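Subject: Structure handover

Hello,

Please find the structure below. My notes on it follow.

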Amino acid sequence: MFNKFQLGTQSSDFLAHAKLDSVGALVLVKMMCHINKRNMVVGTPKGIALMTGMTIGDFTRGSRALKKADLIRKYTKKEYMLNPDIMFNGDDRQYFIVKHMWDTQTSKGLRE
């Protein structure tokens, strides 16, 4: 089991240039602490906001910014998937499964 987020890599450079606001960064950090082996946070927006200790307004604004930067995607009605190229929680075999799930997901989030 490992948590992938390395400094000085393409992933960290992407986050540095994504120019996330403080609410987006807060939502990202809180969601990173609650992901499962499939790189997902399970729950409704209200439930995730309560679980992570933030307001529903902050969660909505932050998740909107993360979707725009393609850091998270809404996988189903109650599942949010984090980009496995940026951060990952699991082992090597599970990474390839999660990466395939991310690549075949059709929802790209908000368009510019």
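In β4, Y80 is the bridge partner of K74. Helices (H or I, at least four residues) and strands (E, at least two) are DSSP runs, numbered from the N terminus. β3 and β4 pair in the antiparallel sense over four bridges; two strands pair if DSSP finds at least two bridges between them.

This is a predicted model, in which local features need pLDDT of at least 70, side-chain atom pairs count only at pLDDT 80 or more, and totals for chains, interfaces and linings use all residues. Residues are numbered from 1 along each chain as its sequence is written, and side-chain values use heavy atoms, with hydrogens and water left out.

The sheet is open and has three strands in the order β2-β4-β3, with antiparallel pairing. Its edge strands, β2 and β3, each pair on one side only. From one strand to the next the twist averages 30°. Axes here are lines fitted to C-alpha atoms, for helices over the stretch in contact, and angles run from 0 to 180 degrees between N-to-C directions.

Two helices meet this sheet. α2 lies across β2, β3 and β4, and runs at about 100° to β4. α4 packs on the sheet and touches β3 and β4, its direction making about 105° with that of β3. Contact means heavy atoms within 4.5 Å.

Which residues of α4 are buried? They are F59, G62, S63, L66 and K67. These cover an arc of only 135° around the axis, so they are on the same side of α4. The arc is that of the directions from the helix axis to the C-beta atoms. Buried means under 20% relative accessible area, exposed over 50%, and partly exposed in between (1.4 Å probe, protein chains only). The buried residues of α4 pack against α2, α3 (45–52), β3 and β4 (79–82).

After α4 comes D70, with a positive phi near 60°. D70 lies in the loop between α4 (56–68) and β3 and is partly exposed, at a relative accessible area of 23%. N39 also has a positive phi, near 65°, and is a residue other than glycine. Most residues other than glycine have a negative phi. N39 is in the loop between α2 (22–32) and β2 (40–42), and is buried, with a relative accessible area of 0%.

Last, Y75 is in strand β3 (residues 72–76). Y75 counts as partly exposed because its relative accessibility is 25%. Leaving aside neighbours within four places in sequence, Y75 is in contact with M40, Y80, M81, M101 and Q105.

Regards
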